[in-house]
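Dear colleague,

I am handing over the structure below, and I would be glad if you looked through it before reading my notes. The notes are meant to be read with the structure open beside them.

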Amino acid sequence: MNARPARTSSSDAKAGNVTFLGMPTPADPLRWGPSFPDAARRELGNEQLRRNLGHATATIRAKRAAVVGEVPDWEALRDAGSALKTQVMDNLPELLQELERNVTARGGVVHWARDAAEANRIVADLVQAKGATEVVKVKSMATQEIGLNEALEEEGIHATETDLAELIVQLAGDMPSHILVPAIHRNRAEIRDIFTARMGDAPPDLSDVPRELAMAARAHLRRKFLSAKVAVSGANFGVAETGTLSVVESEGNGRMCLTLPETLITVMGIEKLIPRFQDLEVFLQLLPRSSTGERMNPYTSMWTGVTPGDGPQEFHLILLDNGRTRVLADEAGRSALHCIRCSACLNVCPVYERVGGHAYGSVYPGPIGAILTPQLTGEPSDLPYASTLCGACYEVCPVKIDIPSILVDLRAREVESGHAGKGWGAAMKAAATVMSDGARFRRAAGLGRAGRVLAGKDGTITRLPGPGAAWTDSRDLPRPPKQTFHGWWADHEKAAGTEAGSGTEPGTEAKPEPGTGTEEER
Amino acid sequence: MRIALAATCLGDAMFPQAPTAVVRLLERLGHTVVVPAGQACCGQMHVNTGYQREAVPVIRNHVRAFAPVADGEWDAVVVPSGSCTGSIRHQQAMVLDRAGLGAEARTATAVAARTYELSELLIDVLGVTDVGAWFPHRVTYHPTCHSLRMLGVGDRPLRLLRAVEGIDLAELPGAEGCCGFGGTFAVKNADTSAAMLADKVRAVESTGAGYLTAGDYSCLMHIGGGLSRSCRSGTTADDGRGVPPVRTVHLAEILASTHEMPWSDPDPGGRRGRSLPGTGAHEQAGGSRHTTEVAR
């Protein structure tokens with residue numbers, strides 16, 4: 001992958017005297033930075049980051065495991081969540097139209113956006129029509145994905161993130177590194193510095209005690225909530241049956257944004273649908289336990305169109321495609337759209353835990369990002385290889401997305417489209433020739449003995465030439481054995497006397513082999 | 001029972017001690033072991049790296065070699081590897097099906113239905129937990145990712161180990177975390193892999209065990225390579241030299257070890273088998289590092 005130019009947001013750099021090493025806002029929130037291996041190497045070199053991440057992911061992993069463990073029918077809930085999302089994907093056009101009808105009937109206005117540019121244009125036009133130059137925002141992955149804040153800034157509209165972690169990221173001119181905890185890569189001392197330098201109204205003697213940091217942000221945000229005429233949110237769920245939208249959050253900032261301003265604009269990915277109101281029962285159990293490790297979500301807001309005299313009197317819903325219909329068309333990969341953005345897969349991922357979110361070069365990091373990002377963009381990507389296929393993600397996913405299998409499929413797609421490197425292709429082809437024939441394989445395995453010369457006098461290989469160096473840079477390799485297993489087996493058989501049918505003369509290629517004798521039968 | 005052994009390509013060419021141990025163990029338990037000569041590899045590396053088309057002939061060869069189990073010629077196929085068993089069970093038929101080889105995909109499914117990872121075979125099929133093994137050493141167990149999460153072997157390997165006479169099992173901190181191997185991941189994302197490996201090596205060394213065991217030689221090759229390097233660079237030895245690394249042994253090797261035929265080093269000429277001056281226990285309880293070679 002080529003490095004992509006970063007676009008500097010207006011809040012970045014010169015706003016304070018301090019420069020915060022973070023990820024400058026990129027031109028495309030789904031494709032930025034160097035290749036994954038290179039970005040990972042950079043992040044691995046950051047000891048502070050690894051400590052912050054290791055501590056944070058271990059804490060949240062333990063919390064999730066504890067509250068999931070106390071639900072006796074957790075597996076049944078996962079099955080239900082998975083089945084409901086499959087049902088949504090199978091009936092998406094009809095359900096979307098049902099949602100549109102019901103939102104409209106309740107006084108909302110529905111807009112359709114094919115891509116990021118269309119969605120951003122619609123939001124900017126709506127804000128400008130209200131004559132506003134400031135909006136408050138509820139934390140939302142969809143608006144991160146389309147780079148809404150930067151697009152509004154270009155139109156002279158300032159968007160304020162009101163989720164604490166998003167605010168930290170925004171003030172630092174940084175990029176989020178986690179779906180749920182976007183500032184997971186920051187510790188509290190860094191946050192204190194960011195607030196002091198960038199917030200404008202932070203107390204000068206601000207300490208790094210979490211409560212003090214939260215109170216400073218609270219005072220800062222309260223002024224924004226009370227003055228904003230327009231709020232922008234995402235949506236966790238859109239109920240087709242009733243036209244109800246829902247946002248699930250922990251800080252109450254969402255509730256403020258969803259109730260105080262006169263106008264509410266919601267950007268929702270088309271996959272966020274659920275068929276019936278009753279289905280919330282399943283997801284409101286799955287989501288908080290999986291994401292924050294809480295039994296019940298603190299602030300669950302729901303609204304249906306416009307209610308006279310109560311809350312925003314103008315409501316716009318923007319239904320965002322931005323690559324989702326392409327994902328939907330793919331039978332193998334479409335279940336990536338089932339994701340409810342809980343981020344449990346990030347917290348258990350051994351790769352994410354070491355390298356952090358910025359290495360993935362997308363607002364969707366971690367295992368779900370590795371399958372979602374390349375599918376949304378439809379472009380070549382090395383993200384499908386950013387996994388050991390250890391399966392921890394699949395195990396915790398509340399809607400049972402088989403991430404490892406999709407990763408394997410996406411790798412096949414990279415290979416098919418010729419993006420996997422010629423050297424690998426040639427090596428794999430050669431290996432396949434050897435490994436698709438017992439006799440050929442045994443001959444090659446026997447030749448492996450020659451590799452013993454690579455070992456030092458203690459019998460260990462510490463340095464391999466060429467691509468093998470990627471292994472021996474950090475690991476030894478035992479020298480190949482003097483005798484292969486098949487060699488041993490031949491001796492063993494001879495010693496035991498020949499027993500009918502048990503792999504006669506395996507070392508002799510010319511003789512008929514019982515194991516392959518079935519060829520004629522088939 | 002007549003049991004066909006899939007030695008795995010890595011086991012055959014690089015770590016023959018694992019399939020050899022399976023033969024010894026099963027024959028000791030009174031079963032007949034068959035080694036179908038046509039076998040080579042299950043195709044996992046190709047499939048997991050994205051080379052599904054190249055994997056097709058490899059998988060066809062495996063299915064052809066083990067097809068007799070589907071006709072009842074053998075009672076079961078045993079594989080001393082969780083990840084190869086996982087690939088046989090969850091990938092082979094899918095790849096053949098996609099390649100338009102429906103009939104062979106069905107055979108693959110039938111073969112897979114009778115294919116077991118070693119601990120599954122022993123406990124679920126043969127109904128044995130105490131195999132009569134003797135292994136008087138301090139051992140720690142790494143549950144490999146594919147055994148644990150793709151196959152769901154649960155605590156079967158631990159139940160087998162607990163029944164081994166003389167064994168001193170030390171719990172591995174963070175046992176369920178991946179070692180960072182991931183097949184070609186170790187090369188394609190070498191830095192990330194090495195970071196994961198470093199944590200695993202530290203955890204293994206903290207147990208004070210002289211032996212690390214697992215059901216997969218691929219993971220053992222990776223962790224073993226890290227243990228050997230860690231020892232070589234002197235990061236674990238107090239004096240920075242002369243301490244043998246924690247050895248890696250496949251679960252089958254421990255289960256095959258008995259009073260009559262105790263485990264022996266597969267490559268005694270190598271460093272891992274070199275005796276150092278002094279005598280005494282290879283491993284010491286209580287988390288301290290062993291300082292001398294095991295006396296056998």
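What follows is a short account of what was found in it.

Please keep in mind throughout that this is a predicted model.

I will begin with the sheet in chain A, which is open and has six strands in the order β1-β10-β7-β4-β2-β3, paired in parallel. Strands β1 (109-113) and β3 (158-161) of chain A stand at the edges, and because each has a single partner strand, one side of each is left without a neighbour in the sheet. From one strand to the next, the twist averages 25 degrees. As a general point, the strands of a sheet pair through backbone hydrogen bonds, in either a parallel or an antiparallel way. To follow one pairing in detail, you could look at β4 (residues 230-233) and β7 (residues 263-269) of chain A, which run parallel and are joined by four bridges; Val232(A), for instance, has Ile265(A) in β7(A) as its bridge partner. Helix α5 (residues 116-129) of chain A lies across β1, β2, β4, β7 and β10 of that chain, and runs at about 170 degrees to β10(A).

An unreviewed UniProt entry lists residues 96-319 of chain A as "domain: LUD", and over this stretch the chain is 41% helix and 21% strand.

Turning to chain B, you will find 14 helices and eight strands, and 64% of its 296 residues are buried.

Where the two chains meet, 69 residues of chain B are in contact with 65 residues of chain A. Helix α4 (residues 52-66) of chain B gives the largest share of chain B's side, eight residues, and that side as a whole divides into 35 nonpolar, 22 polar and twelve charged residues.

With best wishes

Note on methods. Residues are numbered from 1 along each chain as its sequence is written. Chains are lettered from A and ligands numbered from 1 in the order in which they are written. This is a predicted model: local features need pLDDT of at least 70, side-chain atom pairs count only at pLDDT 80 or more; totals for chains, interfaces and linings use all residues. Helices (H or I, at least four residues) and strands (E, at least two) are DSSP runs, numbered from the N terminus. A residue is buried if 20 or more other C-beta atoms lie within 10 Å of its own, exposed if 12 or fewer, and partly exposed in between; C-beta atoms are placed from the backbone. UniProt positions are given in the numbering used here, feature names are shortened, and annotations may be inferred rather than shown by experiment. Two residues are in contact if their C-beta atoms, placed from the backbone, lie within 7 Å. Ala, Val, Leu, Ile, Met, Phe, Trp, Tyr, Cys and Pro count as nonpolar, Asp, Glu, Lys and Arg as charged, and the others, Gly among them, as polar. Two strands pair if DSSP finds at least two bridges between them. Axes are lines fitted to C-alpha atoms, for helices over the stretch in contact, and angles run from 0 to 180 degrees between N-to-C directions.
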